[in-house]
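The sequence and structure come first, followed by the notes.

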Amino acid sequence: MSNAIKLASYEPVSEVELLALRENPPIRPSGNFLLIRVEDVKETYGESKLIISANVVDREQKGAGLGYVIAIGPGAWSDCDEGPWCAVGDKIAFQRYEGVVPPIEGLDSGKFRIIADNKVLGVVQ
C-alpha cells in the first residue's frame, strides 16, 4: 500500500470559502503553529461515480495530507534563518495524520488541522 498523496482523491476548497476563512479564521494559532484547512476528500470514486461510504470518507479526511494555510502563528519560523517556507493562502503538503484537530464545538473538525511550522513538506504548485 502506497503512502503517496493521490491528488485525484481530493476536492479543491472554493476560493470564496478560503477568502472568508483567511479574513476570519475560526482559531488563531499561537507560537510556531499553522492553521490548515484540509482539502475535502471526494465522496465518489473515479469516473464511475461510485459512492464511497461515509466511514471511508471520514477516515480519509482525517488522514489527508493536503491543505491550505489559513493562519500562521507569530513565532512560526522564528528559529530559521531561511525565512518562511509558505504563506497564508498557499496549498501545502504535510504528512498524513500530522498535527492536531482543533477541539472547538461546532467546528467541522475534520476540515481543520493545526501543525507545527517544521511539518510543512512543501508548497503544491
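Two strands pair if DSSP finds at least two bridges between them, and the elements themselves are DSSP runs numbered from the N terminus, with helices (H or I) of at least four residues and strands (E) of at least two. This is a predicted model, in which local features need pLDDT of at least 70 and side-chain atom pairs count only at pLDDT 80 or more, while totals for chains, interfaces and linings use all residues. Residues are numbered from 1 along each chain as its sequence is written, and side-chain values use heavy atoms, with hydrogens and water left out.

**Sheet**
- Five strands form an open sheet in the order β8-β2-β6-β7-β9, with antiparallel pairing, and its edge strands, each pairing on one side only, are β8 (112-116) and β9 (120-123).
- From one strand to the next the twist averages 45 degrees, where axes are lines fitted to C-alpha atoms (for helices over the stretch in contact) and angles run from 0 to 180 degrees between N-to-C directions.
- Helix α1 (residues 15-23) packs on the sheet and touches β2 (33-38), β6 (66-72) and β8, its direction making about 30 degrees with that of β6; contact here means heavy atoms within 4.5 Å.
- Three bridges join β7 (residues 91-94) to β9 in the antiparallel sense, and I92 stands opposite V123 in β9.

**Nonpolar cores**
- A nonpolar core is a set of buried Ala, Val, Leu, Ile, Met, Phe, Trp, Tyr and Cys residues joined through side-chain atoms within 4.5 Å, buried meaning under 20% relative accessible area (1.4 Å probe, protein chains only).
- The largest nonpolar core has 12 residues, among them W77, C80, I92 and F94; β2 and β7 are the elements that give two or more residues to this core, and β2 gives the most, with three.
- A second, separate core of 10 residues includes L21, I70, A71 and L107.

Methods
Buried means under 20% relative accessible area, exposed over 50%, partly exposed in between (1.4 Å probe, protein chains only).
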